[in-house]
Each structure stands twice: as structure tokens, then as C-alpha cells.
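Trainee: Could you walk me through this model? I'd like to go from a loop residue to the strands and then the core.

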Amino acid sequence: QVQLVESGGGLVQAGGSLRLSCAASGLTFNTYAMGWFRQAPAKEREFVAAISWSGAGTPYADSVKGRFTISRDNAKNTVFLQMNSLKPEDSGVYSCAALRTSAHYYAPRRREEYNYWGQGTQVTVSS
């Protein structure tokens, strides 16, 4: 049974930083691309960042480029999202997702392509 468990969310002031983690189990982690998505109240879930199984592909949403960094540790079955210079508009529930793929650089932005999802962790940025 595949499980994705996010952690690291919380309340932070604008300009601050948080580091999210997503621990995966029940899958061969180094054959999965991983993505981070977020959802604010009354809004659709949106793409934040993704990373291919090799780490070679790392697309970002334009809104977070230069502030957020996605990384992974395949030995620990964990993907991270380092979030710096946070803004109130970054608030929402952040979820990680997994997609099995053998493509070296493939890390899709479309949420429909992912097979597995975590429950999410709340991030609140106060102004």
C-alpha cells in the first residue's frame, strides 16, 4: 500500500521560510517522479514544483520560481520543498504526489497525471 505523508507545515510570517517533507512508503521510490501541489480555500489545486526520479528534471510554477527549491533523497524515500521569502498568497494545503515513470527528466505539472497523493500539510503565511 502506497503512503505519502507530508510534514513541516505551520504558521510563519511573510518573508519567512519553511521546509516541507514528504515521506513515501510502499513503492520503489527511485522509479517515481514526485510533485508538490497546493490548494487555497475556494481555489483549485495548483502545481507548485516537481522532480523527476533522477532529480534531473525540476519544473516550478512561475509564482514560486527563485523562492522554492524541490529536492529528493532516494535513500530515505523522501522529497523536500524548501520555501523561502514566503508570501501570504503562498498559504494553503500543500500535498505531495507520486507518478511512476522511467523517464529520466519527466516531472509533470498536471495533477491528473499523478497516481498517488498525500493528505497534505497546512501552510499559513501571515502578513
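Trainee: Where is the place of Thr31?

Mentor: Quick ground rules: this is a predicted model, where local features need pLDDT of at least 70, side-chain atom pairs count only at pLDDT 80 or more, and totals for chains, interfaces and linings use all residues. Residues are numbered from 1 along each chain as its sequence is written, and side-chain values use heavy atoms, with hydrogens and water left out. Strands here are DSSP runs (E, at least two residues), numbered from the N terminus. On that basis, Thr31 sits in the loop between S3 and S4.

Trainee: Is Thr31 buried, exposed or partly exposed?

Mentor: The scale is relative accessible area with a 1.4 Å probe on protein chains only: buried is under 20%, exposed is over 50%, partly exposed is in between. Thr31 comes out at 23%, so it counts as partly exposed.

Trainee: Which residues is Thr31 in contact with, leaving aside neighbours within four places in sequence?

Mentor: Contact means heavy atoms within 4.5 Å. With those neighbours set aside, the list for Thr31 is Trp53, Leu99, Arg100 and Thr101.

Trainee: Why is S8 largely enclosed by the rest of the structure?

Mentor: Look at its burial: S8 has nine residues. It is largely enclosed because the buried ones number seven of the nine.

Trainee: How many bridges join S4 to S8?

Mentor: Two strands pair if DSSP finds at least two bridges between them. S4 and S8 run antiparallel, with Arg38 standing opposite Tyr94 in S8. The number of bridges joining S4 to S8 is eight.

Trainee: What is the relative accessible area of Ser95?

Mentor: Ser95 is found in strand S8. Setting aside neighbours within four places in sequence, its contacts include Glu6, Trp36, Phe37 and Trp117. Ser95 counts as buried, because its relative accessible area is 3%.

Trainee: Which residues touch the most other members of the largest nonpolar core?

Mentor: A nonpolar core is a set of buried Ala, Val, Leu, Ile, Met, Phe, Trp, Tyr and Cys residues joined through side-chain atoms within 4.5 Å. The largest one has 35 residues, and the elements giving it two or more residues include strand S4 (32–39) and strand S8 (92–100). Those touching the most other members are Met34, Trp36, Leu81, Met83 and Tyr94.

Methods: Helix = DSSP H or I, 4+ residues; strand = E, 2+ residues; numbered from the N terminus.
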